Amino acid sequence: MDLQSPIEEVKGVGPKTAAALKRVNLCTVGDLVYCLPRLYENYQTTTNIADLRPGKVVIRGKIGDLHVVRTSRKHLTITQGVIRDETGAIRTLWFNQPYRAKQFDEKREYYFTGKYELKSGRYQLTSPSATLVQDIDTDASSGFQPIYSAKSVIKPQTFHKLLESLRPDFVKIPDLLPFTEGSPSFVKPGARAEALYNSHFPENPDDAEQGRQYLAYEELFELILAAKLNQQENQRLKSIPLQFSTAHTQVLVKHLPFQLTGAQRRATWEILQDLERNIPMNRLLQGDVGSGKTIVAALAAAQATQNHHQTAFLAPTAILATQHFESLQNLFTSLRDSILRDYSTNPCKSGDSTLANSNKKKFRIPRIALLTGSTRNKRQLKSAIASGKVDLVIGTHALLTDDTNFHSLAFCIIDEQHRFGVNQRQKLLLKSPTNTAPHLLSMTATPIPRSLQLTVFGDLDVSIVNELPPGRQPITTKILSETDQRDELYPKMQELLAKGQQIYWICQVIEEKNANTATPVKKQAKKLAELFPKVNVGILHGKMKPDEKDATMTEFAENKIQILVSTTVVEVGVNVPNANMIIIQDSENYGLAQLHQLRGRVGRGDQPASCFLLTTGEGKPSKRLKEMEKSTDGFHLAEVDLKIRGPGEIYGAQQHGELNLQVANLADTELISKASHHASEFAKNPENLNDYPELAMRIKKYQQLTTLN
Ligand code: ADP
Ligand code: MG
């Protein structure tokens, strides 16, 4: 079997099917073979209704009495039915799936798989999946059935048929991984073919597990090898070394408005030392929301300035770029003033020996500028950047345009790096002088679990700011049903507003379009304005013009607005220390990382803060929300998120959506360490990759997806 053959060569694929397959990126035989089952249903063991015990069950029976029940709750419909076999009958129901009422043929038998549980005093089968018995009990099937994720345009039957037609050829799938030094014993001739076969046509759970294990290993090996090769390539690039003057940095640190935390000091030190080298730094600065990463980046930028080179500071939103600009503007102005003041008094008298040692004339503080989509006089600003009159440019995507040129860009800072795609980052990095690559500092508050660091982020050095500035108060988090707002939430809001503090209220969308999932910003703002007539309620959403957004944000920062009703535009980075309560509506609809980011908007001052997660849903709060209630530790939440959702979801569709790991479980540290050892051995002689053309091709793709340089 040639995995590179076009999909048309598979028996049974006509032009129509081919087009449908291509629409979901299945273009070659290999793509099809690597489209692995999401899970398996075991129809080998069904239970008679009379013998059911609570838990996950498979029942074989017929369904009847189907009808849709409208409930008194908005947005909720229930479809009910009764499943019968020879031993008895049970109630079954689905939430918000009204099509279920028409889906079944009451005369035919189905396998129903779902959770059998006690609800409101009655046993029921909740939201089962269903498959026609006839489709399973064929001669070819073992009753242990792979389930492929919904590739909506292709019917599962078609998919099964195509694989079935390839089945005899599976033994001919060539090996992929090198059996070299360091490879584990299960990487052996024929193992890949066997694993793929076992994944698609398992006879029992053990087969499926064998297949999964091997393919997971393959995926991890490729990822890690790609990362190692990236690292080697990065080491071959040249960067502009930025000399580290301890005296200079000490003066800056001494004149900061606050004392650096130990973690900030360590991170700054690591970065400043990296910048001295003539190979580009590729470092991730990782620190929970509010840990003070910006100042660390600012000190690094100051080192570039001191060396007469430029820094670009990229932020994902105009609000955030503006805020960074303003706070750094303040910081550098006050540093300049206070350092100059110290120079004009006798440095020896003030006991400032470092100052005496450093030369006043040579002391440079960054001249900074802001470049966003709404910046006026762009041309003027761009020519100032090109001629080197600006040392530090803070900006959004506007920085990436082709007509933004630098005089001498030596250092790039990317805030909330997961918000940017590889191409965007690469655009920025290409703006450095010919034959050099800039040093890169990426910052993120979405912690990257250790396992991901070893794999996807294997080519990165990491500095961690794991200490919050002193005086921060803990944030209390509470899940609250929307029906309890009046009694539980409004009095607390009133109390907080009476103390002169401010509130964020997060809604999901702005227009009525998705009326059943989110309450619009405007409507909510109106409601809150009526409830709290004494304060000003502002709104913020993605459809506002950048100027309007900035104006609203400024008013909120200046406490002219007390309640800010917003979409997730405020999610990243925004810093208003007087805002001490955040209410997140429809909180079930967000991922953990996003909830944690949103919650990080509060608790940034010296007052206690709280976060309310409002839910509309039926039943118990999700595991995700309960984790939020229990923990404020971003690292812990990231590990949980990784387990629940997988890396693609967490690290953004832009960056790693395509990565879409199929089988590897990034929590499987043992497999990761085996793959890491094997890949390291192989990477010692990268030219050996020439002997493995298929592997080389696959690695190339991973290299592009994971490289940060
Ligand atoms: P993040 O890591 O989330 O980007 P920021 O850099 O925005 O955090 O810092 C959050 C707030 O903490 C800012 O108001 C900043 O001025 C303040 N801050 C940073 N470091 C310290 C420190 N060492 N002591 C006191 N406040 C600090
Ligand atoms: Mg930040």
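This is a predicted model: local features need pLDDT of at least 70, side-chain atom pairs count only at pLDDT 80 or more; totals for chains, interfaces and linings use all residues.

Colleague: At what angle do helix α9 and helix α10 pack?

Modeller: Helix α9 (residues 262-275) and helix α10 (residues 293-306) meet at about 30°, and their axes lie 9 Å apart. Angles under 35 degrees count as roughly parallel, so α9 is roughly parallel to α10. The crossing of the two is right-handed.

Colleague: Which residues of α9 and α10 make the contact?

Modeller: On the α9 side, they include Ala267, Ile271 and Leu275, and on the α10 side Ile295, Val296 and Leu299 are among them. Sorted by class, this contact has eight nonpolar, three polar and no charged residues.

Colleague: How is α7 placed relative to α24?

Modeller: The axes of α7 (residues 205-236) and α24 (residues 669-683) are 8 Å apart, at an angle of about 45°. That angle makes α7 oblique to α24. Here, too, α7 passes α24 in a right-handed crossing. By class, their contact has 12 nonpolar, five polar and two charged residues.

Colleague: What does the side chain of serine 199 reach?

Modeller: The side chain of serine 199 reaches the backbone oxygen of alanine 195, at 2.9 Å. Leaving out residues up to four places away in sequence, serine 199 also touches Leu36, Pro37, Tyr40, Pro146, Gly211, Arg212 and Leu215.

Technical notes: Residues are numbered from 1 along each chain as its sequence is written. Chains are lettered from A and ligands numbered from 1 in the order in which they are written. Side-chain values use heavy atoms; hydrogens and water are left out. Axes are lines fitted to C-alpha atoms, for helices over the stretch in contact, and angles run from 0 to 180 degrees between N-to-C directions. Helices (H or I, at least four residues) and strands (E, at least two) are DSSP runs, numbered from the N terminus. Angles under 35 degrees count as roughly parallel, over 145 as roughly antiparallel, 65 to 115 as roughly perpendicular and the rest as oblique. A crossing is left-handed if the near helix is turned anticlockwise from the far one by less than a right angle, and right-handed if clockwise. Ala, Val, Leu, Ile, Met, Phe, Trp, Tyr, Cys and Pro count as nonpolar, Asp, Glu, Lys and Arg as charged, and the others, Gly among them, as polar. A polar contact is a pair of N or O atoms within 3.5 Å; within protein, one must be able to donate a hydrogen and the other to accept it, and residues adjacent in sequence count only if both atoms are side-chain atoms. Contact means heavy atoms within 4.5 Å.
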